[in-house]
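Student: I am new to this structure and would like to learn how its descriptions are reached. Could we go through them together?

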Amino acid sequence: MSSLKFVGKSPERIDGLEKITGAATYVDDIDFGARLLHAEIVETPYAHALIKSIDTSAAEKVPGVVRVVTGKDFPYRFGLYMQDRFSFPTDRVRFVGEQVAAVVARDAKTAKRAAKLVKVVYQELEPVLDLTKALRDDAVLVHPDLGNYTRCPWFFPQAGTNIAHWRKTRKGDIEKGFKEADVILEDTYTVPRYSHCAIEPHVIVGLYDLSGRLTLWSASQSPYTQRHVLAQALAPLGLSHKDIRVVTPYVGGGFGGKAGVSMEIIGAALAMMVKGQPVKVRWSRAQEFYNTYQRQGVIARIKLGAKKDGTITAIEHSLHWDAGGYVEYGANVVNAVGLSATGPYRIPNVKIDSVCVYTNLPPSGPYRGFGYSEFHFGLESHITRMAHKLGMDPVDFRRKNAIREGDTLAYGAKMNPCGLMESIDRVATEIGWGKKEVSKDPNKVIGKGFACFWKAPAMPPNAASAAFLKFNEDGSLNIGVSGMEIGQGYMTVMAQIAAEILTVPIEKIRVELPDTDRNAYEWQTVGSHVTWGCGNAVKAAALDVRAKIFEVVERALGIARDALYLEDEKVKCRTRVDFELPLRNFVINGIQTSQGSFIGGPILGSGVFMPEFTSALSDPETSQGGHPNVHYTVGAAAVTLEIDKKTGKMRVLKATLAVDAGKAINPRLVKGQIVGGIVQGLATVLYEDIRYSLKGKLMNANFTDYKIPTSMDVPEEIVPIIVEVAQPDGPFGARGAAEHTMIPAAAMVANAVEDAVGRRMKTMPITAEKVALELQGVSYEDVKGSSMGLCFAGRPDAYKFHTKAPAKK
Amino acid sequence: MTKRITVTLNNEIRSLAVEPSDILLDVLREVLGVKSPKIGCERGDCGACTILLDGKTVRSCLILAVEADGHEITTLEGLSQSGLTPVQQSLLKYNSFQCGFCAPGMVLSATELLGKNPSPSKDEVKEAISGNLCRCTGYEPIIDAIVAVGKKAGKRA
């Protein structure tokens, strides 16, 4: 492997020049000419209500209005894993801001003016905003028809309740595990909702042309999945997959928010209603907050048992998720956590209950970390606390229980090769673990916090990747794939993988942005799986191409293909040192024989990758028997945090994070993920503080009141560390390492706060305000006022975790 | 009721009719066809629509098109008409951007800073770009790239 020429190097991003010059085109930058129509959405002001009537007549009379669309026109349900979401609801609204109608007009101002004239009569219902109430026997139901919804086979909704899914994992004997423990620690942790805040809002342009083809230009992480979900939803209108085309130019940030289908259904619906004319739906920043996906809120109870020597004997982890009005994607977040909430530790006795609860808050879904960021806050806080209770060093306690290759996972499969121990050691060294630091300012104290992390991609067992590869006349080549460049550097990495096999430098490789008419299939760009999955497909396509090159040379020139190899864009021969044939001489036009004829022709290749060893089939009561996850990526992180005792203001003096990338195809891009991920994670714990009114309206749907970090808020120093324990089935040993870098941030800060000031914060976020109150002995719960960030009214410590489902209605 | 305005956009005089309520950002993108200023928040929070108005950075989402009458506007398209500027070259070399959506505004904020202060300190760079939100990078490679331009300039001086 030491002879790698392109893999493991850090060339400039191949999309860098386009982005630095403004040449990079995003959906909203595409011109559609004077025909382009604009849409304005009519939204419900209620969190939960019945729609009694919708009167569109006044809006329709406004000059310039082309069409007003409601659920009567377009009553279809859709969803990725469970079809519980509506293009336009016909009878009931389930969160404040949900679309009930759309006005399509010649220009945006007219659409906006006319939308105000749509009269909707509602019958207000009691909103389900409190998990305690949502799970009561007499709960108001958010989805009375839950039992009738089409869903994937590994979801277990409980009709007649608000439980959309309940993932149970059982391993070993939990009671025996706690009996063996010398110390048991039990506590509750809460994490509110968060918003992705990609700087580019969602936008879609749809054109249902006069021949009956639907083309969608979409800011999406999931072009093929969008086509599939929309094809399912539009099937009643006679459209099939071949009639739908999804084109995705550059995407201005995703973080999971642009995965699956959320507002895009509206773009498709409106296009179908104004045949022959393109129509644009562009979300405002506020809509971006409440009508795409949010990260779910969760309250988690952890009971952990350990022996005096530090061996963990048992974990019981119950998580209740505030999943919002629609969970077609979000229930899979709950599922993923239900399989993995042990964290990266070898624990013989496990009981996990991860419960997805419908509420009348915005729909939930994937956000960088896919549930792992959420549960690691509690778990990694708890691990440090348990170490203290045992009188052990928190890093030593983690070393003692760190998961290793071959260990049995909670659902029975075996752990993949992993460098967790190396990650722990290198992070501990880098942060100077054990060395107390003192601030020169007497008002300030310094603490250190440590956290480990792990995460697997959450995918259906048949989430495939594919790649097309074609040469151009000059020996340059195009790769036609449908993974999405959302900033992570995917295109550059795919080019490096192809370059390594074909010896073509990456300057001569164009990786095409997705178009479902043209590029090969990719399930979605989520779960940090495309370097691994699509990387394998590109590698396979490059090997396919290489085999075809050798075959042509053998046929045309009579040199045995087994003796051929590629070097510096030339075919060379092990047995004939004088032989070399530049690729550009024949990859389009073929090789001329002595008779003057040409052998070969354009060299094209394809490659496919399917994780054939995975399966989602398992016992619903225990999760034993399947192999739902392809592999885990592990790592560790630590922080040095300075706290002003008077103001509570915190400054990150140093953060470091090690992630086991298997093999960093491009180390600089991996480091970019580490730095960006740490800052995004720190934002969730230090700054971002979502608030709802007690009627379920989002109060801070803008960047003035929902504060994401600016350049002034970044740590003084961030040290990224790459660990490389090869993933045997990864391209050149690579596995994903992008989402993971956000996961440990919140817990490491909570641990550092305790180290600095001796107070344990168990509810996110941990803002300066909360720390200052805590240091003055004031409970935040007493002064937080009448807005809500968490989805229950009472104090977290008093929250009752049901062990049984509520009675069905 | 439309009003005729004349602006110098990227060194070219452009004359056009606008409504008094038209936002400059929308006019730049939809009427003048300049797409590098992006729509991110429409309330001056994110900085994605940053342009140079008479050499100073402004949020084009907070300005009416009529207010630009008689003024000089520079967008990213106008900046690299004769090749990449030193700050663009440095940002490219440092792989400073991921999704790239904040890049046009960020480049203009950096350009304004370096015009006033050719060798800024790290803190001065942080302050200068603090109105341009980036959700991908954690800002570090952007800050480093801008500081590096200043260091290079300092050496030359």
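Student: Which residues does A:Ala467 touch, leaving out those up to four places away in sequence?

Tutor: Keep in mind that this is a predicted model. A:Ala467 touches A:Ile479, A:Gly480, A:Val481, A:Ala520, A:Cys534, A:Ala537, A:Val538, A:Ala541, A:Ser606 and A:Gly607.

Student: What makes those pairs count as touching?

Tutor: The cut-off is C-beta atoms within 7 Å.

Student: Which residues have the most contacts inside the largest nonpolar core?

Tutor: A:Ala467 is one of them, and so are A:Ile479 and A:Val538, in a core of 321 residues. In general, nonpolar side chains of soluble globular proteins tend to be buried together.

Student: Why is A:Leu135 called buried?

Tutor: A:Leu135 has 22 other C-beta atoms within 10 Å, and buried asks for 20 or more. Therefore A:Leu135 is buried.

Student: Where does A:Leu135 lie, and in which loop?

Tutor: Look in chain A between helix H4 (131-134) and strand E9 (163-171). Leaving out residues up to four places away in sequence, A:Leu135 touches A:Asn162, A:Val357, A:His802 and A:Pro806.

Student: How many residues does each chain bring to the contact between chain A and chain B?

Tutor: Chain A gives 42 residues and chain B gives 41 residues. On the side of chain A that touches chain B, the largest share comes from H15(A), with seven residues. By class, that side has 19 nonpolar, 15 polar and eight charged residues.

Technical notes:
Residues are numbered from 1 along each chain as its sequence is written. Chains are lettered from A and ligands numbered from 1 in the order in which they are written. This is a predicted model: local features need pLDDT of at least 70, side-chain atom pairs count only at pLDDT 80 or more; totals for chains, interfaces and linings use all residues. Helices (H or I, at least four residues) and strands (E, at least two) are DSSP runs, numbered from the N terminus. A residue is buried if 20 or more other C-beta atoms lie within 10 Å of its own, exposed if 12 or fewer, and partly exposed in between; C-beta atoms are placed from the backbone. Two residues are in contact if their C-beta atoms, placed from the backbone, lie within 7 Å. A nonpolar core is a set of buried Ala, Val, Leu, Ile, Met, Phe, Trp, Tyr and Cys residues joined through C-beta atoms within 7 Å. Ala, Val, Leu, Ile, Met, Phe, Trp, Tyr, Cys and Pro count as nonpolar, Asp, Glu, Lys and Arg as charged, and the others, Gly among them, as polar.
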